Amino acid sequence: MHLRTRKIIDRSATGIGILAIVVMTAALVVLLAPIFANGTGAFVFRGTAEFRKYQSDRFDRGDREVLTTEKETLRQVRQPVYDLLHKFEHQLKNDDDLDARFGAEFPKLKREVYRLIGPPPGEALSRLERDEYGATRWDRALVQADSIVHVQEDRGLDSHGFSLKVEGPRAARYKGTSLEPMFGYVEMHLAELLRPQWTFYPQFLIDNPQDANFFGGIGPAVLGTIYLTLGAILFAVPMGVITAIYLVEYAGQGRFISLLRTCISTLAGVPSIVFGLFGLAFFINTIHVSPSKSVLAGSLTLGLLILPTIIRASEEALRAVPLAYKEAALSLGAGQWRTILTVILPAALPGILTGIIISMGRAAGETAPIIFTAAVSVGLGVKPWEVFTSPTQALSWNIYNVSTEHEAVDQIRHVQYGMVLTLVVLVLALNLTAVLLRARITRRLSG
Amino acid sequence: MTAFGQTSGKISIRRQGGSLVLGQRADRLRHAVALLGRLILLAIASSSALAVLFIFYFIIRDAIPFFHDNGLREFFTSTHWYPSNAAAPEFGALAIFYGTGMVTVGAIVVAVPLGVAAAVCLSDVLPFSVRQWVKPTVEILAAIPSVVYGFFALVVFAPLLQDKGGQALSVATWLLFGPLAALAILVVADVSCGRLRERFRNPARAAVMILLTLAALAGLWKLSAALAAIHISSGTNALNASIILGVMALPTIVSVSEDALTAAGRELREGSYALGATRAETILSVIIPAASSGIMAAVILGIMRAIGETMVVLMASGNAAQIPQPWYNFLSPVRTMTATIVSDMGEADQTTGSSRYHVLFAMALCLLVVSFLANLASEWVVRRTVAKISAVRGTGGGDAASRPQGFMRRVWSWIGG
């Protein structure tokens, strides 16, 4: 082959490799960008007056005096809307013709308006909190206002056979009625009706969710994830480290040991959902560590899942300890146990810690093993003394729940993204710690 | 335990009048205690092996009643999956097996070319300083929890596919195949004109290039137009799950293959360069064949990761227990074994003991067997690599012998991770 051709082929191969790296990095950016961009929206956002009112009513936060003044201002701005709604409702009752046209639609419209600016005092549509307060976030308020001001109308089917919907102003439908001015008023005075302000809401991490995550934070889920992770570590670390010590310091090359190694690598390869089923069949249904799902059962299952990772990390760290350390200790007359406890383990500790931290990240993010053993989608934060009996929320399972099984997934996107961001930041922070720790070990070993 | 060592020392010193030699009894005692401690360690160490046996035992125990009551035939050959039908439940899991296979194949098609190319690039092409920035990317991809991938698939990727599926596919085609086509054109033009005389070579090459470029543009245009016309009715489908699973399996494949490629060693590379091979020739005809078993292990581990993954397929695959029409239609929703276990257990939980409950354990047993076999296969492949590398190097020399061992440990540490 011509030399030039070979050079071109050489460059192409390099190009393909770099293309692959670029695609991989792009995948990471594409994955994380929306999570960080939208997730921060759960903590920093333009909160409306309704948000401040809710925080004051429920959590007793904010300046009472300021809120009272604001309430008065809002009452004045909102009164025209309520008046128009009442007037129209009254007309509907007395006018059959009007009732035929709007009787079915009006209650829905009224509900939408109340969802935007909150019901007038003493007139909530139901006992649900989402019916007692208006839109707490400005981004939601804009969507809500749009659904009031505009209406989708069916225009038959399009060329693909899908139903064609056209957006039009709702005011046109109400032309000539007493309600017509309301739409213009809402559109014009939206900011005065809700008074959005930039809000920093760090309590999102510790507040209890209220009314199916429409309000409040993700406190119980964060707490549950912490319990489960710590529980798994508590169970897996002693077992894992001792197993590693045995494998490194005592075990030879016998058949039993190679069987043991095969078992450990098999354990590592077991799909996580199988761990979940095993936890259900063994920990809960057979040895009854708890009457039903509990933090304890979940921790045990997760502990089993991360056991192989911890064994391997510890084994590698123990093997990395220079032989000279051991020889020096033995030559000074220390027994094998003493050598292990006072020389080898301390020297291997940073490496073992790295493994532990990485497996903490894994345990915090796992979902499948805790579905049948620990996780529930509702409930308050678990008290430390209840961990042996009561199930808990957990970030990973709640992410799945609020983004698939919630009744209004579109309306609580900020909660979903907030949860995902919290979990991602937690896991990445753990991994970053591990990376820094590893860098330190490398420096110490080389320096 | 250390405390005991001290006491025994003191006793012996008193007896022997200052001598450091242990008495017979103290010696025996010390041995006994050391043995006891060793046994305790062994007991704890073997409990992880016990855990594996327990997992097999308890999954099999709860799976047997299903096979006992319903036999094997329906489960493996029928596609009718109606476990909740109280009067006449049907447990045909064929479509679910097919769905698992489909998304796994899709994930491998995405992950293997990309992962191996990236691994080659990491081990042989990139300078050290760049590599240090790329490696954390792989680690972060591996660390992100699966439910986060699932959330992305459901909330970001699925709407994109559903609303702008055709356009997205055609843009992706251009971005991926555009550069590849350009490289291919350069190479083909050069190869085809290499034999011509010096005078004609350049014009001929230009002509071939223009022709090929036009052909490639036309082909890509046609392909992307065909793709753009596709209307995806549901964003949660096999394609979505495959792509996301592929990205999830990438870190495993990249890391394990890169370790295998690095373990092929400097000597092979230098030998090849000394014979006048270019880098690409070295990689393609020396390094990759030498590391082929390691890459094979990487692929097996990637497959395992894709088969065992739960949350992504649960959220992204659409969960319809059917064999797509036609069989290769990646745009239709499918259902996998792991997702079935999660979504059906919620209902079967209250009916512990019924076939509906046990069938899920039967499914878990299938998963367990597959992952066990894959694990054995990857271990066997790695062991063969080590033997091969040792044979190439000769077994003598501490350095040469320790390297493959280190490689094996690293691969081992990736199994399942």
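My entries on domains, the interface and salt bridges follow.

**Ground rules.** This is a predicted model, where local features need pLDDT of at least 70 and side-chain atom pairs count only at pLDDT 80 or more, while totals for chains, interfaces and linings use all residues. Residues are numbered from 1 along each chain as its sequence is written, chains are lettered from A and ligands numbered from 1 in the order in which they are written, and side-chain values use heavy atoms, with hydrogens and water left out.

**Domains.** I looked up chain A and found domain 1 (3-42), domain 2 (47-200) and domain 3 (219-446); such bounds come from an automatic or database domain assignment. The centres of domain 1 and domain 2 of chain A, taken over C-alpha atoms, lie 47 Å apart.

**Interface.** Next I checked who touches whom: 95 residues of chain B and 89 residues of chain A are in contact (heavy atoms within 4.5 Å). Between chain B and chain A about 8,100 Å² is buried, and carbon and sulfur atoms give 78% of that; buried area is the accessible area (1.4 Å probe) that two parts lose on being put together, summed over both.

I then searched this interface for salt bridges and got two (a side-chain nitrogen of Lys or Arg within 4 Å of a carboxyl oxygen of Asp or Glu). A:R6 pairs with B:E281, with the closest N and O atoms 2.8 Å apart. On the chain B side, helix α2 (residues 24-70) gives the largest share of the residues touching chain A, 20 residues. Helices here are DSSP runs (H or I, at least four residues), numbered from the N terminus.

**Salt bridges within chains.** In chain A, A:E315 and A:R319 meet at 2.8 Å, N to O. They sit four residues apart in helix α13 (residues 295-320) of chain A, so about one helical turn separates them. A:E315 is buried at 2% relative accessible area, whereas A:R319 is partly exposed at 34% (buried is under 20%, exposed over 50%, partly exposed in between; 1.4 Å probe, protein chains only).

B:K135 is partly exposed at 34%, and B:E258 is buried at 7%.

Terms used:
Helix = DSSP H or I, 4+ residues; strand = E, 2+ residues; numbered from the N terminus.
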